[in-house]
Amino acid sequence: MFHMRSKSPPRGGIPRGLATTGPVLFSYGFRPFFLGAGLWAIGAMAAWIAALTSGIDIAGSYGAAHWHAHEMLFGFSSAVLAGFLLTAVPNWTGRLPVSGLPLAGLFGLWLAGRLALLATDLLGLTLAAVIEALFLPTLLAICAREVIAGRKWKDLKVVGGLVLLSCANVHFHLAVLTEANVDTAARLAIGAYVMLIMIVGGRILPSFTRNWLNKLDRTDFPTPYNRFDMVAILAGIAALASWVLAPEHLLTAAIATVASLLHIARLFRWRGWTTYPEKLLVVLHVAYAFVPLGFAGIAAGALGALGEYPVMHILTVGVIACMMLAVMTRASRGHTGRPLTSSPITNASYAAIIGAALLRPFAEVVPSYYHVLAAISGALWIGAFMLFCLEYGPMLVLNRRSPRGAA
């Protein structure tokens, strides 16, 4: 899926359409957005921990808790998604990537949203929300244009995910502006990300696993995409939709239970244990394992056995953040011409984010230790992305190598 199919690379192996002058950072979509996501993951989490432990005011009248939830869902996560799509869509469609000044402008729009929400008392809540809400529809327009122009109709599913995220973001802002509950908007955003991971994960995990096993002359390949995967995805979408609309309904518990079992079977069919020697692959399977765990959490929440926020954190930190870090590391290596194998620093970042994912849901389950558990999981989160920035920041900023292949 992420194979680089460049056409006639005339200048030093740089694929056609990529900026060959100006800052390396803006030569390809994954560079600014992955770096921006990594740095913002650190800064936003550090600010949230400071607000929890020291009462430091952040985001003014927007509210620290709302700001934290928003910036994890629509700040950090949207940057990773943008970096992925701006790199993947040109490969899917065979069209030229967004590069140079247009890419810098798009990144500037994302950055403006981050600054606007920190300056709500200066700009006013409404103007700050409007500025922030511009990025996702702009990304949607770019991706929709490329998919339609390239006639890659099957990839419209990804565009549909961007439509849901754009609507969820506007809904979130409106809820804050009207002092309503933001949880429905948050669930819609989480559901959109998990849907995209189910769809895209079903393409990259078995493909990357098969390619790696094939290089070792092994034949114990994962089961390729078939109707079972379609059924599992549809069941997952149904469970997410029911969770968004009726998180405490018995029907939600039933559908989510079915979805959990189907995705356990789906993960088993991909034979992730065969990839153990290569952590760059293992982490993709581990991240996807949080999908059935998340559906089990949704079912438990619907039955009253688990609170809503632990369920959300299984999905946000476990499914979304783990998968995003896994994709960021692999794509950064592949698209800067480096071997697709993880380093000790990368492995440590994986361990930290998985630790955060396992620990964070317990903060609400054991309220007497909420601040301690939240702080520890937050520190693990910061550690994971600090390690990412330490190792991958120089690759993203300083090096214009030609891609090797799959990312």
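In this predicted model, the count of cavities of 30 Å³ or more comes to five. The largest cavity holds about 210 Å³ of space.

**Lining of the largest cavity**

Fourteen residues is the extent of this lining, given as 14 residues in total, and Leu81, Phe84, Ile197, Met323 and Val327 lie nearest the centre of the cavity. Three helices, α2 (64-93), α8 (183-215) and α12 (308-334), each supply at least two residues of the lining. The most is given by α8, with six residues. By residue class, the lining of the largest cavity comprises 13 nonpolar residues, one polar residue and no charged residue.

**Buried residues**

| Residue | Relative accessible area | Class |
|---|---|---|
| Ser27 | 4% | buried |
| Cys322 | 2% | buried |
| Cys389 | 13% | buried |

Ser27 lies in the segment before α1 (30-54). A polar atom of the Ser27 side chain is 2.7 Å from the backbone oxygen of Val24. Ser27 counts as buried because its relative accessible area of 4% is under the 20% cut-off.

**Cysteines**

Zero disulfides are found in a search of the whole structure. Cys322 takes part in no disulfide, and the nearest cysteine sulfur, that of Cys389, is 16 Å away. Likewise, Cys389 is in no disulfide, with the sulfur of Cys322 as the nearest cysteine sulfur, 16 Å away.

Technical notes
Residues are numbered from 1 along each chain as its sequence is written. This is a predicted model: local features need pLDDT of at least 70, side-chain atom pairs count only at pLDDT 80 or more; totals for chains, interfaces and linings use all residues. Side-chain values use heavy atoms; hydrogens and water are left out. On a 1 Å grid over the protein atoms alone, a cavity is a set of points where a 1.4 Å probe fits but cannot get out, and a pocket is an open set with protein on both sides within 12 Å along at least five of seven lines; lining residues have an atom within 4 Å of a point. Grid points are joined across faces, edges and corners, and a volume is the space filled by probe spheres set on the points. Helices (H or I, at least four residues) and strands (E, at least two) are DSSP runs, numbered from the N terminus. Ala, Val, Leu, Ile, Met, Phe, Trp, Tyr, Cys and Pro count as nonpolar, Asp, Glu, Lys and Arg as charged, and the others, Gly among them, as polar. Buried means under 20% relative accessible area, exposed over 50%, partly exposed in between (1.4 Å probe, protein chains only). A polar contact is a pair of N or O atoms within 3.5 Å; within protein, one must be able to donate a hydrogen and the other to accept it, and residues adjacent in sequence count only if both atoms are side-chain atoms. A disulfide is a pair of cysteine sulfur atoms within 2.5 Å.
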